[in-house]
Every structure is written in structure tokens, then in C-alpha cells.
Amino acid sequence: MTHVKRLPLLVSLQHLCFQFANGETLLEDLNLSIDHTPTGVVGRNGCGKSLLARLLAGVLTPSSGSVKGSASVKYVPQTVETQAGDTVAHLSATAPILAALERMAAGTAEGADVELIDDRWDLAERLRAALDAAGLPDVDAQTPAEHLSGGQLARVAIIGALLAAPQLLILDEPSNHLDSAGRAWLLQVLHFWRGGWWWSVMIGSCSMPWAASLSCHPRGPAVRRQLRGLSPTARGAAACGSSRTGARTP
């Protein structure tokens, strides 16, 4: 008898419902499982893709139902928000570790710095290499966020998420602020990227052709099976996601 080894689920939504304060329901009785397979979620604007991404990332809490999972998650929203004084190090979430590395080099580090750095002693070099690969040779960790364009902000945020090596990477409309060179870069880094031991990437997009280009991924055939439309109905999304997905709308 042949035994098929099932890969672990990273996150699952069970009978999930999301309702706005005004009573409008966008997602109802949604069941979705994300495993190691790269997944694309495609649908029209306003049908719930961004909402779904934030629910999976734990940014939002559902009105009912459950979100279960123990995977490490990094989420990159459609628009990267910045605050006064932010730098590339802040946007890429590398600032604390880079500061600890600087203290180590200066001989002023404390025990907590060693714990924070862990095995990321080469983070500064990897950030530099990632910025160069993304076509940002004139940008460094100390570059003010206010000096960056929307496309540059998006690249820096994605770089930060990739450097964190999460088990689940969630990108919400990642091509929105990227030009053709930026989109080519993103497809390339996703092609070669590896997250945690079990890893996956979920992309929300209103563009089926762009999302389908993920089929060039080493797991391409699986990706093609994963591209399901989010069908806008009177109550939101009818279906999406992986082969273990089911959703019901009245």
C-alpha cells in the first residue's frame, strides 16, 4: 500500500465571515487552506482579495469563524505606509538588527544584541545585495523613506519580507506600483526564494495574466491549479485558493 505524505498546512480559515460595521458582508462561510504550494488569488477590485490577505496575516479579526495556523507570516500590503523619520532600514524591518550589528562592531553591544542578531551576522551584506538586485544601487539602509518613489517603497518592503524568511509570504497586489523591470525582478526573486522549512507564497492580484506568470516557478504546475477566481457576488467572494478550499455563498 502506497502512503502519501501530506505536507503541513500553514494557515487555514474555517467557516469564516467578515462583516463591516455597517452590516455589509463581504466574506461568508469561507473555508480556505494554505499549504506549501504557492497560491494566487485573483478577482475584481472590491471583491475581498486585500481583506482575505489581511485575515490570513492576522492583521484583521473575522466577524465569525476561525483562522488557525502556526506558520511565521510576513505580509506586504498594496501601499506601503511611512512615518516621518523612516528609513529603508525601518521599511525593511531590519533596523533593530542592523543597529545591534553596529553596536557589536563598536564594542558596545550587550547580551540582548547577540540574541537579537542570532544567525543574521551578514544581514547588512544581504540587504545591500538585495537592493542591488532590485535595481536600487543608490539606495542604502539609511536612505530616508520620503526620498523613495512608490515603486521603490514596494521593492524595499518586499525585500524586507524576503529577508525575514517566513514560512508564508503574503503579497497584496505586488505589481501595482512596479514598472516592467520591477515586475521582472519580483518574478525572479520569487522563482528562487525559499522561506522556512515549509514555505509558501500567496499573491492577491486583479490580473490573471500576471498571477499566472507564477507558473514559471519551480512548482509551476501546482501554481496553475491554485489560481482560482474570487467571484464577486452580492455577499462577496464565492471561492478562492487551494485544492482544499471551499466557500459557500447563498
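A residue counts as buried when its relative accessible area is under 20%, as exposed when that area is over 50%, and as partly exposed in between. Keep those cut-offs in mind for the whole tour. The model on your screen is predicted.

**Stop 1: the whole chain**

Show the protein chain as a cartoon. Its secondary structure comes to nine helices and eleven strands. Of its 250 residues, 46% are buried. Now think about contacts between residues at least 6 apart in sequence. In this chain, 67% of them join residues at least 24 apart.

**Stop 2: two rings**

Select phenylalanine 18 and phenylalanine 20, and show their side chains. A pair of aromatic rings is described by the distance of the centres and the angle of the planes. The chain has one aromatic pair by the rule used here. Phenylalanine 18 and phenylalanine 20 form that pair, with 5.3 Å from centre to centre and 85° between the planes. The arrangement is edge-to-face, because planes over 60 degrees apart are classed that way.

Is phenylalanine 18 buried or exposed? Its relative accessibility is 10%, so phenylalanine 18 counts as buried.

**Stop 3: helix H1**

Select residues 49–57. This is helix H1, and seven of its nine residues are buried, so the helix is largely enclosed by the rest of the structure. Which residues of H1 are buried? They are Lys49, Ser50, Leu51, Leu52, Ala53, Leu55 and Leu56. Step one residue past the helix. Glycine 58 follows H1, and its phi is positive, near 80°.

**Stop 4: the loop from H3 to H4**

Select alanine 109. It lies in the loop between helix H3 (95–106) and helix H4 (111–117). Its relative accessible area is 30%, so alanine 109 is partly exposed.

**Stop 5: the loop from H4 to H5**

Move on to aspartate 118. This residue sits in the loop between H4 and H5. Most residues other than glycine have a negative phi. Aspartate 118 is not a glycine, yet its phi is positive, about 55°. With 49% relative accessibility, aspartate 118 counts as partly exposed, because the exposed class begins over 50%.

**Stop 6: H5 against H6**

Select residues 123–133 for helix H5 and residues 150–163 for helix H6. Their axes come within 10 Å and cross at roughly 140°. That angle makes H5 oblique to H6, because roughly antiparallel would need an angle over 145 degrees. H5 passes H6 in a right-handed crossing.

Now show the side chains where the helices touch. From H5, display Leu123, Arg126, Leu127, Ala130 and Leu131. From H6, display Val156, Ile159 and Leu163, which they meet. How many residues of this contact are nonpolar, polar and charged? There are seven nonpolar, no polar and one charged.

**Stop 7: after H6**

Finish at alanine 165. Its place is in the loop between H6 and strand E6 (168–172). Alanine 165 is another residue other than glycine with a positive phi, near 50°. Its relative accessible area is 35%, so alanine 165 is partly exposed.

Conventions: Residues are numbered from 1 along each chain as its sequence is written. This is a predicted model: local features need pLDDT of at least 70, side-chain atom pairs count only at pLDDT 80 or more; totals for chains, interfaces and linings use all residues. Side-chain values use heavy atoms; hydrogens and water are left out. Rings of Phe, Tyr and Trp (its six-membered ring) pair if their centres lie within 6.5 Å; planes under 30 degrees apart count as stacked, over 60 as edge-to-face and the rest as tilted. Buried means under 20% relative accessible area, exposed over 50%, partly exposed in between (1.4 Å probe, protein chains only). Helices (H or I, at least four residues) and strands (E, at least two) are DSSP runs, numbered from the N terminus. Axes are lines fitted to C-alpha atoms, for helices over the stretch in contact, and angles run from 0 to 180 degrees between N-to-C directions. Angles under 35 degrees count as roughly parallel, over 145 as roughly antiparallel, 65 to 115 as roughly perpendicular and the rest as oblique. A crossing is left-handed if the near helix is turned anticlockwise from the far one by less than a right angle, and right-handed if clockwise. Contact means heavy atoms within 4.5 Å. Ala, Val, Leu, Ile, Met, Phe, Trp, Tyr, Cys and Pro count as nonpolar, Asp, Glu, Lys and Arg as charged, and the others, Gly among them, as polar.
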